Amino acid sequence: KIDTAVVNVDKDLFYALEECGSFQKELWIFKVFVHWCPHCQQLMPKLYRLALVLRQHGVMNLRFGAINCATEHELCSSQNWPGHPLLVARYLGPDRAVHDAIEHWVDVVKDAQLRQMLPRYALPGEFPLLKILLEQLPGSMLQKEMWSSLFEEPAAEGGNAEGGGGACPNMTALHLTHPE
């Protein structure tokens, strides 16, 4: 059993997770990246923070893995992961609500062009896209209060009276202090 917020996954570990039935017990979200990619570098701290917060709240059936395609060419090629960063969902368990949440995530995020370019459960690696999946997961898996603040947009500042701010999460929420 691996007990860390985000697991660095190589080919051997990926196939071991398949063989031991981990994908049947847990929903895994893999960040597929290359270490030199600026977009990948921006996603990683946000993903680590989300994974850590969920682990601290006792969420054990939603796991996060990171796969570096710069070193794991064979795995990325065999899984047909053509671009970076990607978010890939892997769940083979019996919970229909989890499958429905993943299907909703795919349907909402992927347009026709992305459906042709990417495997079914691979999506662009943009942090705000995870919110769509998390909102659909059953409450028995995780509560929205655990993670929602990580996706809040900053309050409107200066000339931006509409508060648009883009799709970036509130950076202060990513660096919460923990009482001792």
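Two strands are taken as paired if DSSP finds at least two bridges between them. Helices (H or I, at least four residues) and strands (E, at least two) are DSSP runs, numbered from the N terminus. This is a predicted model, in which local features need pLDDT of at least 70 and side-chain atom pairs count only at pLDDT 80 or more, while totals for chains, interfaces and linings use all residues. Residues are numbered from 1 along each chain as its sequence is written, and side-chain values use heavy atoms, with hydrogens and water left out.

**The sheet.** Select the five strands, which form an open sheet in the order β1-β3-β2-β4-β5 with mixed pairing. The edges are held by β1 and β5 (122-124); each has a single partner strand, so one side of each is left without a neighbour in the sheet. From one strand to the next, the twist averages 25°; axes are lines fitted to C-alpha atoms, for helices over the stretch in contact, and angles run from 0 to 180 degrees between N-to-C directions.

**Strand β3.** Next, select residues 62-68. Seven of the seven residues of β3 are buried, that is, under 20% relative accessible area (1.4 Å probe, protein chains only). In a regular strand, side chains alternate between the two faces of the sheet. On one side of β3 are Leu62, Phe64, Ala66 and Asn68, on the other Arg63, Gly65 and Ile67, and all are buried.

**Its neighbours.** Asparagine 8 has alanine 66 of β3 as its bridge partner. Which residue of β3 is the bridge partner of lysine 31? The partner is alanine 66. Between β2 and β3 the chain passes through helix α3 (residues 38-56), in a right-handed β-α-β crossover: with the strands pointing away from the viewer, the path from the first strand over the helix to the second runs clockwise.

Helix α1 (residues 11-19) lies across β1, β2, β3 and β4 (86-90), at about 165° to β2. In helix α7 (residues 127-136), select the buried residues Phe127, Leu129, Leu130, Leu133 and Leu134. They cover an arc of only 145° around the axis, which puts them on the same side of α7; the arc is that of the directions from the helix axis to the C-beta atoms.

**Confidence.** Finally, colour by pLDDT, the predictor's confidence in each residue, from 0 to 100. The chain averages 84, and 83% of the residues score at least 70.

How values were computed: Buried means under 20% relative accessible area, exposed over 50%, partly exposed in between (1.4 Å probe, protein chains only). Contact means heavy atoms within 4.5 Å.
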